[in-house]
Amino acid sequence: MVAPKISIDHGKCTTPFDCKKCLRICPQGVFWVLPVKNVRFKETDAKEPGAWKLIVQYRALCTDCGECRRVCPVAAITITSPAISAKGEKGERTG
Amino acid sequence: MCEYCEKYGEGTLWYLNSRNYGRQLYRRSRPGYVPDAISYRQERDKLWTEYFEAVADGLEKAERLRLSLDKLVQENEPCQVLPLKDVLKLIEIAQPVASMSCICRKQMRAADERSPAEYTCGGLGVGMLKWERWPERYRGGVHFMSIKEAQDWVTRLDRKGMMHCVMVYGSGYEGRPFVGGLCNCDYPDCYEIRHRLDYKLDHHLLKSHYVAMVDFNRCNGCGICAQRCQFGALKMEASRGKASIDMLRCFGCGLCHTGCPRDAIQLVQRESVPQLKEVW
């Protein structure tokens with residue numbers, strides 16, 4: 001089985017750790033949020049644009065339910081379902 | 001026999017051997033030297049991404065990646081489940097114990113635990129005294145606890161429904177590891193559980209030295225245990241109205257045992273069950 005492709009527009013999604021809507025709603029827990037700005041002796045600010053990055057870690061578990069896309073306030077998430085080849089469909093029907 | 005008890009147990013369970021907590025003390029940093037932990041993490045993170053993508057796309061190389069990743073973790077950062085009774089013993093020998101914010105919950109659900117009342121992750125040994133270098137890892141700070149406080153803290157999280165595991169870190173001294181982490185986890189926001197259950201990376205979370213069994217005469221079918229199992233091993237058997245545990249799926253965390261109001265679930269030694277003694 002091939003999982004859907006999920007792309008995140010990091011130009012739009014700038015403060016994922018502060019927003020956290022997709023991270024909290026995903027039933028499968030597909031996303032990770034990571035601090036990309038790590039400074040010694042300093043805690044990373046949750047509201048600083050670009051200091052955190054949202055990534056798709058467990059894409060194999062994505063069911064394409066679309067909840068993350070629905071809750072995203074900046075429309076940064078795009079999900080592309082895997083293309084089903086015409087040949088495969090035909091093959092299954094004629095069995 | 002458990003492979004870590006064989007290597008580092010010295011006659012007891014490896015996590016109850018106090019030697020395994022002291023190695024951090026002897027580690028020296030040299031200028032220009034990249035610690036094993038950092039180079040290991042870079043390699044692990046790269047392999048993670050590659051492996052998870054290969055699984056998502058159903059590629060053949062996934063199995064090969066799984067094996068090399070599992071081997072890497074086996075040597076550098078294994079983790080094993082343990083029941084509450086062993087955690088309470090471990091805390092007595094692993095001072096200092098500090099609680100802090102959980103990195104898994106931070107990454108997966110953007111949890112921002114900011115006070116000792118919220119902290120769910122535990123750090124063990126002298127390594128914790130260096131936390132101020134990287135406050136981002138320890139958001140909100142760390143909270144050092146006395147033995148009694150630490151035991152109460154773990155018991156509270158156990159009651160809440162979190163299972164416990166100990167984590168080992170790399171080659172501490174003379175290539176031998178030290179125990180550094182005490183996690184309190186649940187599915188799906190713990191990456192150890194997820195990597196084992198969802199991605200078959202076995203050394204990310206080894207099963208405990210125990211396995212749970214139900215005493216059917218005592219079980220009255222209240223169902224509390226079924227809400228606590230993090231591994232999908234315990235179900236309510238509808239026809240009999242009793243709890244039923246799949247011993248092959250059971251990780252021996254003991255959450256069902258500690259949650260049972262009638263003491264109807266017992267933990268037995270894994271080694272005493274012939275078919276399970278090599279299942280970790």
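Where in chain B is the place of B:Pro96? B:Pro96 sits in the loop between helix H5 (84-93) and strand E2 (97-100) of chain B. The model described here is predicted.

**Chain A**

- Chain A has 4 helices and 4 strands, and from the N terminus on these elements follow the order β-α-α-β-β-α-β-α.
- Chain A has 95 residues, of which 28% count as buried.
- Among the contacts in chain A with a separation of 6 or more, 70% are made by residues 24 or more positions apart.

**Confidence in chain A**

- The mean pLDDT of chain A is 88, and 87% of the residues of chain A reach 70 or more.
- Within chain A, confidence is highest in strand E3 (residues 52-56), at 97, and lowest in helix H4 (residues 86-94), at a mean of 44.
- Residues 89-95 of chain A have a pLDDT below 50, and this stretch has 1 contact in the model beyond near neighbours in sequence.
- Where pLDDT is low, predicted coordinates should not be read in detail.

**Contact between chain A and chain B**

- The contact takes 24 residues from chain A and 20 residues from chain B.
- On the side of chain B that touches chain A, helix H3 (36-56) and helix H6 (103-109) of chain B each supply at least two residues.
- The largest share of that side, 4 residues, comes from H3(B).
- By residue class, the side of chain B that touches chain A divides into 10 charged, 8 nonpolar and 2 polar residues.

**Domains of chain B**

- The domain assignment of chain B gives domain 1 (3-33 + 77-204) and domain 2 (210-276).
- The C-alpha centres of domain 1 and domain 2 of chain B are 25 Å apart.
- In the contact between these domains of chain B, 11 residues of domain 1 meet 11 residues of domain 2.
- Strand E5 (163-173) and helix H8 (191-197) of chain B each supply at least two residues of the domain 1 side that touches domain 2.
- That side of domain 1 of chain B consists of 7 nonpolar, 2 polar and 2 charged residues.

**The largest nonpolar core**

- The largest nonpolar core has 101 residues.
- Residues with the most contacts inside this core are A:Phe31, A:Val33, B:Val81, B:Cys165, B:Val166, B:Val179 and B:Cys256.
- The largest share of the core, 6 residues, comes from E5(B).
- This core lies between domain 1 (3-33 + 77-204) and domain 2 (210-276) of chain B, because both domains give residues to it.
- Not counting residues up to four places away in sequence, B:Cys165 touches B:Cys79, B:Gln80, B:Val81, B:Leu82, B:Cys183, B:Cys185, B:Glu192 and B:Leu205.

**B:Leu72 in helix H4 of chain B**

- B:Leu72 belongs to helix H4 (residues 61-76) of chain B.
- B:Leu72 counts as partly exposed because it has 16 C-beta neighbours inside 10 Å, while a buried residue needs 20 or more.
- Leaving aside residues up to four places away in sequence, B:Leu72 touches B:Glu43, B:Arg44 and B:Leu47.
- B:Arg44 is 28 residues from B:Leu72 in sequence, and their C-alpha atoms are 7.4 Å apart in space.

**Backbone features of chain B**

- Most residues other than glycine have a negative phi, and most peptide bonds are trans.
- A cis peptide bond joins B:Gln95 to B:Pro96, with omega about -5°.
- Another cis peptide bond joins B:Tyr187 to B:Pro188, with omega about 5°; B:Pro188 is in the loop between strand E6 (176-185) and H8 of chain B.
- B:Glu10 is not a glycine, and its phi is positive, near 50°.
- B:Glu10 is in the loop between helix H1 (3-8) and helix H2 (19-22) of chain B, and it counts as exposed because it has 11 C-beta neighbours inside 10 Å.
- B:Lys200, also not a glycine, has a positive phi of about 55°.
- B:Lys200 is in the loop between H8 and strand E7 (210-214) of chain B, and with 13 C-beta neighbours inside 10 Å it counts as partly exposed.

Definitions and conventions: Residues are numbered from 1 along each chain as its sequence is written. Chains are lettered from A and ligands numbered from 1 in the order in which they are written. This is a predicted model: local features need pLDDT of at least 70, side-chain atom pairs count only at pLDDT 80 or more; totals for chains, interfaces and linings use all residues. A residue is buried if 20 or more other C-beta atoms lie within 10 Å of its own, exposed if 12 or fewer, and partly exposed in between; C-beta atoms are placed from the backbone. Two residues are in contact if their C-beta atoms, placed from the backbone, lie within 7 Å. Domain bounds come from an automatic or database domain assignment. Ala, Val, Leu, Ile, Met, Phe, Trp, Tyr, Cys and Pro count as nonpolar, Asp, Glu, Lys and Arg as charged, and the others, Gly among them, as polar. A nonpolar core is a set of buried Ala, Val, Leu, Ile, Met, Phe, Trp, Tyr and Cys residues joined through C-beta atoms within 7 Å. pLDDT is the predictor's confidence in each residue, from 0 to 100.
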